[in-house]
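Q: Hi! Could you walk me through this model while I have it open?
A: Happy to, just ask away.

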Amino acid sequence: MLNSISAQDGPPRGPDSDGVYTVVQQSAEFPGGIPELHKFVNANLVWPASVVESNIKGTVFLKFIISANGIVRNIEILKGIQGCPECDKEAVRVAGIMPNWKPAQQDGNKVDCYFVLPVKFAPNK
């Protein structure tokens, strides 16, 4: 289950030392927008057995780069679920199979940008 999505919008700032923007004039966009991103994550998330058996709940926060070509890369876990490394791995797996995004833009140019994605694990028993 996907709880919410955090896009990086706001006043323009320069890129970091790797040339990746945190805040851009136009955010990167999953094909079809946020509703389709929710559908994609929910359709592709495979619940680890430990989550279902132990009723583990929590949210994995991922940070990744959406390149100027729309490719998702450099996926990292900002905050995982304590006691459930399988949840962390599954969230990374799903992010890694996402289709290309519409890239972010700054001053009319396609740029690399960061995106933070929370993936919620909350099974219903």
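Q: Let's start with Phe115: buried or exposed?
A: Phe115 counts as buried, with a relative accessibility of 3%. Keep in mind that this is a predicted model.

Q: And the strand around it, β5, how many of its residues are buried?
A: Eight of the nine residues in β5 (residues 113-121) are buried, so to speak a mostly covered strand.

Q: Which strand does β5 have nine bridges with?
A: That's β1, and the two run antiparallel. As one of the bridge partners, Ile65 has Tyr114 in β5. Tyr114 also has Lys63 lying over the face of its ring, 4.2 Å from the ring centre.

Q: What does β1 form with β2?
A: A hairpin, with five residues between the two strands. Strand β1 covers residues 58-66 and β2 residues 72-79, and they pair in the antiparallel sense over five bridges. Leu62 stands opposite Ile77 in β2. In the turn, Gly70 has a positive phi of about 90°.

Q: Switching to rings, how many aromatic pairs are there?
A: The structure holds six. In one of them, Trp47 and Phe121 have ring centres 5.5 Å apart and planes at 80°, so the pair is edge-to-face. Trp47 sits in the loop between α1 and α2 (49-54) and Phe121 in strand β5, so this pair ties together parts that are 74 residues apart in sequence.

Q: How accessible are Trp47 and Phe121?
A: Trp47 counts as partly exposed at 29% relative accessibility, whereas Phe121 is buried with a relative accessible area of 0%.

Q: What about the pair formed by Trp101 and Phe115?
A: That pair is edge-to-face too, with 4.8 Å centre to centre and 65° between the planes. Trp101 is in the loop between α3 and β3 while Phe115 is in β5, so the pair ties together parts 14 residues apart in sequence. Trp101 counts as buried, at 5% relative accessibility. Ring pairs also link Trp101 and Phe115 into a cluster with Phe30, Phe40 and Phe64.

Q: Okay, over to helix α1. Which of its residues are buried?
A: In α1 (residues 34-44) they are Leu37, Phe40 and Val41. These cover an arc of only 90° around the axis, which puts them on the same side of α1. Pro35, Lys39 and Ala43 are exposed on the other side.

Q: What covers the buried residues of α1?
A: The cover includes α3 (85-96) and β5.

Q: Last one: what does the side chain of Gln106 reach?
A: The backbone nitrogen of Gln25, at 2.9 Å. Gln106 lies in strand β3 (residues 104-106) and counts as buried at 6% relative accessibility.

Notes
Residues numbered from 1 in each chain as written. Predicted model: local features only at pLDDT ≥ 70, side-chain atom pairs only at ≥ 80, totals over all residues. Heavy atoms only, no water. Pairing = 2+ DSSP bridges. Helix = DSSP H or I, 4+ residues; strand = E, 2+ residues; numbered from the N terminus. Buried < 20%, exposed > 50% of the residue type's maximum accessible area, 1.4 Å probe, protein only. Polar contact = N/O pair within 3.5 Å; in protein donor to acceptor, adjacent residues only side chain to side chain. Arc of directions from axis to C-beta. Contact = heavy atoms within 4.5 Å. Phe/Tyr/Trp six-rings, centres within 6.5 Å; stacked < 30°, edge-to-face > 60°. Lys NZ or Arg CZ within 6 Å of the ring centre and 35° of its normal.
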